[in-house]
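User: Hi! Could you walk me through how the helices sit against each other in this one?

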Amino acid sequence: MRRAFQTFAKDHPSRADCLSWLATDRMDIAAIAGVLGRSIAATREYLSQCRKKLRPYLEPCLAGAHVP
């Protein structure tokens, strides 16, 4: 998982930063919205798009695991 995220971060550094802020730094969406200069709604959508872009990087890690 770590290697997959590192590859994602190389390919999409700003998206990886946002996901790290959310997961690791435990920033809330409002705080991330402030950093990005976006509305909360736009930030939610952006984070959703970030997760969708991350998913293919994680697929090999999740192969065989049941993940909804």
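This is a predicted model: local features need pLDDT of at least 70, side-chain atom pairs count only at pLDDT 80 or more; totals for chains, interfaces and linings use all residues.

User: Good to know. At what angle do helix 3 and helix 4 cross?

Analyst: Roughly 95°, and their axes come within 9 Å. Helix 3 and helix 4 are therefore roughly perpendicular to each other.

User: And which residues make that contact?

Analyst: Helix 3 brings Ile29, Ala30, Ile32, Ala33 and Leu36, while helix 4 brings Ile40, Thr43, Arg44, Tyr46 and Leu47. By type, that contact has 8 nonpolar residues, 1 polar and 1 charged.

User: What about helix 2 and helix 4, how far apart are their axes?

Analyst: Those axes are 10 Å apart, and helix 2 (residues 13-23) packs on helix 4 (residues 40-62) at about 110°. So this pair is roughly perpendicular too. On the helix 2 side, the contact uses Ser14, Arg15, Cys18, Leu19 and Leu22, with Tyr46, Leu47 and Gln49 among the helix 4 partners. The residues there split into 7 nonpolar, 2 polar and 3 charged.

User: Switching topic: how many salt bridges are there?

Analyst: The structure has 1. Arg55 pairs with Glu59, and their closest N and O atoms are 3.0 Å apart.

User: Where do those two sit along the helix?

Analyst: They are 4 residues apart in helix 4, which means about one helical turn separates them.

Notes:
Residues are numbered from 1 along each chain as its sequence is written. Side-chain values use heavy atoms; hydrogens and water are left out. Axes are lines fitted to C-alpha atoms, for helices over the stretch in contact, and angles run from 0 to 180 degrees between N-to-C directions. Angles under 35 degrees count as roughly parallel, over 145 as roughly antiparallel, 65 to 115 as roughly perpendicular and the rest as oblique. Contact means heavy atoms within 4.5 Å. Ala, Val, Leu, Ile, Met, Phe, Trp, Tyr, Cys and Pro count as nonpolar, Asp, Glu, Lys and Arg as charged, and the others, Gly among them, as polar. A salt bridge is a side-chain nitrogen of Lys or Arg within 4 Å of a carboxyl oxygen of Asp or Glu.
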